[in-house]
Amino acid sequence: MNKKKLTFQTQVVCIFLLTFSVLFFVNIYMYNNMNVIIGNVDQTYVGNKNLMELREKLDEVQSCMTEYLNTRDESVRREFYVREAEYKELMKFLNRQILDSNSLVMEKNIYNMSENYLVAVENAVTAKKEKKIEEYQMYCEQATELFDYLVACINDLNGTMFRNNSEIYNQLLVSVQFTEMIYNLALVLTGILNICLIIVLTKRLTKPLKELVRTAEEVGKGNLEVQLIETDNRTEIGVVIHSFNQMVHSLGEYIEKLQKSMEAESILRENAIRMETYLKDAQLKYLQAQINPHFLFNTLNAGAQLAMLEDADETYRYIHKVADFFRFIVKKNDHLSTIKEEIELVDNYIYILNVRYAGELNYEKQIEEEFLNMSVPSMILQPIVENCIKHGLQDIDWEKKINLTVVRESDALLISIRDNGIGMTKEKISAILNNKELEKTDGENARGIGLDNVVTRLRTFYNCENIIEITSVGDGMGTEVAISIPMVQKEKDNV
Amino acid sequence: MRLKRKVYTKNPVRIDKYHVVIMLLLMLFGMLMVALVVFTRLQKKEIEDVVVQYKRHYMFISRVDGSYISDRIYEEAKLYGVSQQVYVEQLEWFPDYKTIDYLNMAIAMDVDGIILEGSDDDELRKSVNRAAELGIPTTTVLSDCVGSRRKSHIGLGDYDLGREYGRLIIQIASDETPEVLLLMNEDAKENEGQIALGIRETLKKDGQSLKMRLRTERLKTVSEDTLWERTKEILSSKEDGPDILICANEKDTEMVYQYLVDYDFAGGVKIIGSGVSETLIKAVRDGEITALVDVDIQQTGRLCVDALDYYIENKSVNEYVDVDNTVITIDNVERYLEDE
């Protein structure tokens, strides 16, 4: 059989009702008993009061009788009967049984004497009315004698009762005081016990809540290893605790799953990066392998032409530059070179092209020499210059200029290559920067390293998307390619 | 990450410390309530008198001046009456009231029976007769109301009393011709012969060597001064002074004893008194009174109640009921002192 559990509210109400009821009933019980005792105190002198009234009425009856016997006045006789009835009414308060109490037996004696007295009085009055002189005198004497006895007995009983009642009254007063003290003590004890009961019951009721708060604080601090509280409480608190336990449990499982997912994703990302790196490296090596023979071929043609047209010094110089150029290309397999080396490569390339194109390229450079030893990825400036010449300057009919600047700008080293060629559209710049120009480049100019290759390598190396910026004002306004190398990198390299 | 969670134990009743404390508190509550109820009951019991109801009500009327012995008899009768469901009452003393008044009051109170210490008084006789007419039986005790319609008299038989006096005379007589004086009330002249007869027959039977000279003095109860003077004359007389003085009632005994004390009288008179009171018992202890003779108090008290009961139930009873006497001498006085 399922035991029906009380709700939290019902339990609280039960605690209140239990303690309240106990206190209430104890109070009612004691209040009623005190009323009974105080009622007894109030009744103490009632007997004396009744006796005094009886005595007064007896005097009145006796007076009426005497007066009637003296005057024979009918109104007095009527009054006599009224007083007699009143006296009989008062006699009802008197005891008529033989009981184990002097006072009660005396009451019985007075009652019997009163009856005899009333008979004598009535006989006297009747005899007087009937003018039986001897009879009324005899009854009068008899009545007077009984009256004296009654007065003596009533006075005696009154005194005795007063003494007894005084003793009883004093005893009752002491009893009332003692009872009051005991009841007060009982009330205090009941109150203390009630408080204890409330404390214990509420503590028992709220213990799971306190445990829940403590556990929640621990969980809030991130300690999911905390031991969850247990309860078989099926109240609202039990439901909250159960839900909390489920929540903490679910949270733990979720975090566990999340950690595993992150670990897996991290591994995947590492693999992807590694694959991309491998791919770029392969592409670079492939491009390097592609451009070397091609350029070498052209260079050699140019050298042959120069040898034919000019003296041996210039030829020598030309061949020397070409040799430097190829030497750099062939030598640079470790991916890194200094800015100085990159600039020398550009110088050689420009020189070779100027030899090739009869010096139509006007090449200028502003270099802050303190940064010449800074390491950068190899083959980043020459492809840019090559792009400037091929796409910006090749088809123009004005003087072809290329300007190379290496300056510091706040926390970065700015390498700027600017031409005065045909410029680029925004779409084309965006395509280059987003590597969408790769296929085209691959298709049309497969002989050189594309600008997008440089862009990708720079971004990968510096892990920065904004490492390179291409700006062009408009058609015929030239193009500037700016590379911002973080100075942190430079300083690290210097160290 | 594994979260720890305890498995619920589904015990049907799980006793924890809270249960124990709660049960303890409830037990304390219970004990407090029980104590409260018991206390209240005791208080009520103390306040409420347990009243016993009796089936009869007898009035005990002693002489107005009263006596120690009559008071003791009343106490015994009252005590014995409780066991017989009879309430024996003695009215309070009212100033200027005589025995006749108490008797009339008892008649007016419609009591079931009257125990009266009688006397030779016409008014008393009339009242006893009136009580008899009204159906209220009267029994006399210690002293009779001769000639009345009382139903029974309970007291020492005069002849038996004389025999007891005779035995005491034999015991205490210092010579073979003792002079014995018997002091009696004036109204007890009928008893005189029986007492004297009892004394003489005892001496004749058990004290043949004694040649006693017995004379009787009836004291007139005119006034205290007269009695005192006569007592003085008897005790101080060189010629007529008795060797043994027998006082036939408690009042005379006390008067004689008072004389002995006041005058430091050491005349060698041996006194046999009547009545048992604290003063007289001490006098026996001190050797000033040789012996005290009186009724057996307990028996007398019981017989008073029994006589009335018997009459009410059977409408007849023995007119004279003799009780045993009690003799207090130096040999047994300690027992009475302890009782006192």
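1. A:Asp73 caps the N-terminal end of H3(A), with a side-chain oxygen 3.0 Å from the backbone nitrogen of A:Ser75. The model is predicted, with local features requiring pLDDT of at least 70 and side-chain atom pairs pLDDT 80 or more, while totals for chains, interfaces and linings use all residues. Residues are numbered from 1 along each chain as its sequence is written, chains are lettered from A, and side-chain values use heavy atoms, without hydrogens and water.

2. Helix H3 (residues 74-91) of chain A has 18 residues and spans 25 Å from its first C-alpha to its last, close to the 26 Å expected at 1.5 Å a residue. That expected span is 1.5 Å times one less than the number of residues; helices are DSSP runs (H or I, at least four residues) and strands likewise (E, at least two), numbered from the N terminus.

3. Buried residues (under 20% relative accessible area, 1.4 Å probe, protein chains only) of H3(A) include A:Val76, A:Phe80, A:Tyr87 and A:Met91.

4. In chain B, six strands form an open sheet in the order E2-E1-E3-E4-E5-E11, with parallel pairing (strands pair if DSSP finds at least two bridges between them). Its edge strands are E2 (86-89) and E11 (320-322) of chain B.

5. Strand E1 (residues 56-61) of chain B is joined to E2(B) by four bridges. B:His57 stands opposite B:Tyr87 in E2(B).

Notes:
Buried means under 20% relative accessible area, exposed over 50%, partly exposed in between (1.4 Å probe, protein chains only). A polar contact is a pair of N or O atoms within 3.5 Å; within protein, one must be able to donate a hydrogen and the other to accept it, and residues adjacent in sequence count only if both atoms are side-chain atoms.
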